Amino acid sequence: MVKPGENLKFICQFIKANPGSRHKEIREALCHARGVDPIRHRGQYTIYFSHLLSGRNYDHLWTNQDGKFFLTSEGEAKAA
């Protein structure tokens with residue numbers, strides 16, 4: 001189970017283990033790790049991948065290349 005406040009670390013660790021993952025795969029893994037049904041809560045945790053709408057920006061941790069996510073050097077450090 002992912003502890004509160006550790007979502008970003010979990011996402012970085014997931015991308016490190018699964019480079020090139022799509023946001024749906026990452027979000028579903030986070031939902032399962034937090035004990036949330038990703039089907040019943042379809043929008044849960046999408047904020048991490050929609051920074052243009054939320055005003056939040058996580059581009060310093062990962063980058064999106066054609067819908068696939070890869071870690072930056074800061075993301076690699078956070079995954080450690």
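Predicted model: local features only at pLDDT ≥ 70, side-chain atom pairs only at ≥ 80, totals over all residues.
View 1. Residues are numbered from 1 along each chain as its sequence is written, and side-chain values use heavy atoms, with hydrogens and water left out. You'll find Ser21 in the loop between α1 (7-17) and α2 (23-34); helices (H or I, at least four residues) and strands (E, at least two) are DSSP runs, numbered from the N terminus. A polar atom of the Ser21 side chain sits 2.5 Å from the backbone oxygen of Asn18. Setting aside neighbours within four places in sequence, Ser21 is in contact with Phe14, Ile26, Gly67, Lys68 and Phe69 (contact means heavy atoms within 4.5 Å).

**View 2. Where α1 meets α2.** These two helices pack at an angle of about 125°, with their axes 10 Å apart; the axes are lines fitted to C-alpha atoms, for helices over the stretch in contact, and angles run from 0 to 180 degrees between N-to-C directions. That makes α1 oblique to α2 (under 35 degrees is roughly parallel, over 145 roughly antiparallel, 65 to 115 roughly perpendicular, and the rest oblique). On the α1 side, Asn7, Phe10, Ile11, Phe14 and Ile15 do the meeting, and their partners in α2 are Glu25, Ile26, Ala29, Leu30, Ala33 and Arg34.

**View 3. Asn7 and its link to Tyr48.** Asn7 lies in helix α1 and is buried, with a relative accessible area of 6%. Its side chain is joined to that of Tyr48 by a polar contact of 3.0 Å (a pair of N or O atoms within 3.5 Å; within protein, one must be able to donate a hydrogen and the other to accept it, and residues adjacent in sequence count only if both atoms are side-chain atoms). Not counting residues up to four places away in sequence, Asn7 touches Val2, Leu30, Arg34, Tyr45 and Tyr48.

**View 4. The largest nonpolar core.** There are 21 residues in this core, and Ile11, Tyr48 and Trp62 touch the most other members. A nonpolar core is a set of buried Ala, Val, Leu, Ile, Met, Phe, Trp, Tyr and Cys residues joined through side-chain atoms within 4.5 Å. α1, α2 and β2 (68-71) each supply at least two of its residues. Leaving out neighbours within four places in sequence, the contacts of Tyr48 include Leu8, Ile11, Leu30 and Trp62.

View 5. Phe49 is in the loop between α2 and α3 (51-54), yet it is buried, at 18% relative accessible area. Phe49 and Phe69 are 20 residues apart in sequence, and their C-alpha atoms are 9.8 Å apart in space. Beyond four places in sequence, Phe49 is in contact with Ile11, His23, Ile26, Arg27, Trp62 and Phe69.

**View 6. Two residues with positive phi.** Most residues other than glycine have a negative phi. Tyr45 has a phi near 70°, in the loop between α2 and α3, and counts as buried at 14% relative accessibility. Asp66 isn't a glycine either, and its phi is about 55°. Asp66 belongs to the loop between β1 (62-65) and β2 and is exposed, with a relative accessible area of 76%.

Key:
Buried < 20%, exposed > 50% of the residue type's maximum accessible area, 1.4 Å probe, protein only.
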